[in-house]
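Subject: Structure for you to look at

Hi,

Here is the structure I promised to pass on. Please open it beside this note, and my findings follow below.

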Amino acid sequence: MFISGYSVVAGAAERLVLGYDSFGNICGRKNIPVEGANLSGLDMTNKKYVFFLNSCSLEIQSLKSSSLSLCVSSCPQQQLNSLEDLQNFARNNGSLLCVYNLNVSSYILNPKAAQLCPTLPVPPSKSFPLFNRCVPQNPECYSKYASVLINMVNEMDVFHRILSGILAGRDTVIGLSVLALAFSLMLVLAFRFIQTLLIHTLIALVVFGLLFVSGVLWWLHYDYRNDPSTELETEKENVKFLLGYAIFSTVVTVVLLSLIFVLRKRLQFAVQLFGIVGKIIGRIPFLLFQPLWTFLVLVVFWVFWVAVLLSLGTAGTAHSTSGGQVEYRALSGICYMAWYHFVGLIWTSEFILACQQMVIAGAVVTYYFNRNKNNPPLHPVLSSISVLFCYHLGTAVKGSFLITVLRIPRIILLYLYNILNHKENAKHLFNCCFCWVCFQKSCLRCFNQHAYTTTAINGTNFCTSAKDAVCILARSSAKLGSISFFGDFLLFLGKVFVVCFTVFGGLMAFNYHRELQAWVVPLLLVGFFAYLMSHSFLSVFEVTADALFLCFAIDMETNDGTAEKPYFVDQELLTFVSQSNKFTEGRKHRSTRPFQDNEDGTELQPMV
């Protein structure tokens with residue numbers, strides 16, 4: 001919260017988005033005066049473009065322009081050869097190209113007009129949409145202007161280049177996030193009414209998407225690397241990151257294709273599993289609305305997070321110079337605050353997803369431990385939400401923190417991979433560490449889900465629930481693990497489908513604006529948002545299935561199927577588990593059944 005408040009007070013994201021003149025005025029808005037600068041604090045609402053008085057001889061030193069810059073309402077689209085042309089242009093278009101304190105009628109009469117007006121002749125220019133600058137269209141001036149702009153971008157540090165890339169591609173990022181939302185909604189509806197044909201179609205689309213995205217990444221890397229016009233530092237960074245993306249995508253493609261080939265005959269179990277899960281969701285229809293609320297909360301948080309990030313990137317203090325101009329001096333320590341802000345993005349996003357998982361798990365537990373399956377409890381979702389906010393927010397915080405702890409080392413390892421790209425021994429060590437971190441994070445995410453379900457059953461804290469979940473799963477994992485694995489794998493393919501096709505759209509969109517964007521970071525954000533959206537929507541089925549199996553394991557431990565202690569499980573789920581594990585005689589021979597009796601033999605009930 002301190003970071004957010006500080007960034008709003010000290011930052012001015014509009015400077016980066018809209019541009020500003022030499023007197024501290026942000027173009028396109030009303031401004032606050034700066035002490036010692038007489039021409040600051042002007043109303044620039046109708047003046048949205050930055051115009052340099054000497055655009056043909058522009059020089060940049062330490063990110064500072066040698067030419068005065070003004071906010072103008074329109075750029076001159078024809079060459080202006082004299083002060084009379086400047087005066088006529090101002091009267092006809094309302095766009096003043098001389099310093100603000102020079103009256104239009106004095107353009108010709110004032111002896112200092114030559115110093116206060118642009119260098120003649122003024123070349124024709126057009127507004128540049130990414131940075132709202134008037135870019136000269138004269139070939140000679142344009143080449144000089146472009147070279148200066150390239151040097152300015154190269155002098156920026158990585159943090160500000162990333163911010164520029166995010167700002168330049170903000171509309172594309174929003175559009176791709178909407179595309180990921182559409183894909184996620186489509187998959188939710190598909191899994192709700194899943195059929196065997198749908199599984200084969202999904203697998204075919206995932207295989208096509210993986211191969212296609214990997215091929216496009218390798219092609220873009222080759223195209224960028226062999227492009228003779230690559231001069232910007234952002235373009236060179238794009239080449240490096242594209243190579244990393246291409247290698248990572250290829251490895252993931254090979255691994256997933258191998259798993260699909262090995263498990264192709266066992267995916268029929270997933271069809272039956274999702275049939276059972278679909279019936280449960282059909283009896284608790286409000287479960288399907290949980291991803292929508294989660295998505296809205298995530299969108300609000302992401303918008304807030306990006307706004308704070310932009311404010312951090314422009315945090316600085318305005319100082320007037322001897323000539324009445326204004327310069328902004330960046331504050332020290334901003335980059336460290338930005339890294340802290342990135343950790344907040346991961347932790348808060350995971351916390352929101354953890355809350356959704358707890359709500360779903362609580363509703364499924366309430367439904368499962370109900371004797372009359374045809375008459376489920378009233379409002380199980382609302383009841384689960386109430387219990388979460390009253391008792392178990394700390395459990396969600398702890399679980400999401402553990403995920404964050406393992407996600408951060410993975411990001412650090414990706415950064416080290418870029419540094420150690422040409423050292424084979426270091427690369428081998430990196431690959432081993434990276435695989436270990438990814439495996440641990442995947443196991444921890446599954447572990448957290450079971451801990452959330454145990455919390456919903458017993459009402460215990462996170463650590464106690466996690467211990468109980470481990471003990472239960474250790475006794476039953478041999479029989480239930482393989483069944484749950486097929487369902488989780490199919491859902492993971494669904495997430496890969498959303499990420500693949502969203503990233504492919506991002507590759508095509510960002511490739512059109514390659515010259516001034518460090519678009520590998522916006523593309524990474526797009527992939528991250530797409531994964532979170534798909535995970536948010538598909539986790540309804542994932543959490544429901546996991547909670548169902550954990551409830552089943554506890555049911556088998558607690559009850560024996562007799563009249564005194566009947567099972568809570570319905571016959572369809574019991575038959576499915578029995579057929580899957582080939583232990584149809586399990587209930588008849590209690591001494592050989594895979595689930596051991598609880599010591600006290602008491603019956604567990606869901607917390608209400």
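Let me start with the cysteines. Cys-98 and Cys-117 are joined by a disulfide, with 2.0 Å from S to S; a disulfide here is a pair of cysteine sulfur atoms within 2.5 Å. The torsion about the S-S bond of Cys-98 and Cys-117 is about 110°, so this disulfide is right-handed. It links distant parts of the chain, 19 residues apart: Cys-98 sits in the loop between α3 and α4 (113-116), and Cys-117 in the loop between α4 and β5 (125-128). Helices (H or I, at least four residues) and strands (E, at least two) are DSSP runs, numbered from the N terminus. Both Cys-98 and Cys-117 are buried, where buried means under 20% relative accessible area, exposed over 50%, and partly exposed in between (1.4 Å probe, protein chains only).

Before going on, please note that this is a predicted model, in which local features need pLDDT of at least 70 and side-chain atom pairs count only at pLDDT 80 or more, while totals for chains, interfaces and linings use all residues. Residues are numbered from 1 along each chain as its sequence is written, and side-chain values use heavy atoms, with hydrogens and water left out.

A search of the whole structure finds three disulfides. Another one is formed by Cys-27 and Cys-71, with sulfur atoms 2.0 Å apart; at -80° about the S-S bond, this link is left-handed. Cys-27 lies in the loop between α2 (13-18) and β1 (49-52), while Cys-71 belongs to strand β4 (residues 69-72), 44 residues apart. Cys-27 is buried at a relative accessible area of 1%, and Cys-71 is buried at 0%. Cys-75 and Cys-134 are also joined by a disulfide (S to S 1.9 Å), left-handed with -75° about the S-S bond.

Now for the nonpolar cores, each a set of buried Ala, Val, Leu, Ile, Met, Phe, Trp, Tyr and Cys residues joined through side-chain atoms within 4.5 Å. The largest has 109 residues, and Phe-191, Leu-287, Tyr-368, Phe-541 and Leu-573 touch the most other members. Helix α17 (residues 520-558) gives the most to this core, with 23 residues. Apart from this core lies another, of 27 residues, among them Val-50, Ala-90, Ala-113 and Cys-117.

Leu-288 lies in the loop between α10 (268-283) and α11 (290-313) and is partly exposed, with a relative accessible area of 25%. Not counting residues up to four places away in sequence, Leu-288 touches Val-188, Arg-192, Ile-281, Val-540 and Phe-541, contact being heavy atoms within 4.5 Å. Leu-288 and Phe-541 are 253 residues apart along the chain, and their C-alpha atoms are separated by 9.2 Å.

Finally, helix α13 (residues 380-391). Its buried residues are Pro-380, Val-381, Ser-384, Val-387 and Leu-388. Seen down the axis of α13, these fall within an arc of 125°, so they line one face of the helix; the arc is that of the directions from the helix axis to the C-beta atoms. The face turned away from the buried side of α13 carries the exposed residues Leu-382, Phe-389 and Cys-390.

Do write back with any questions.

Best wishes
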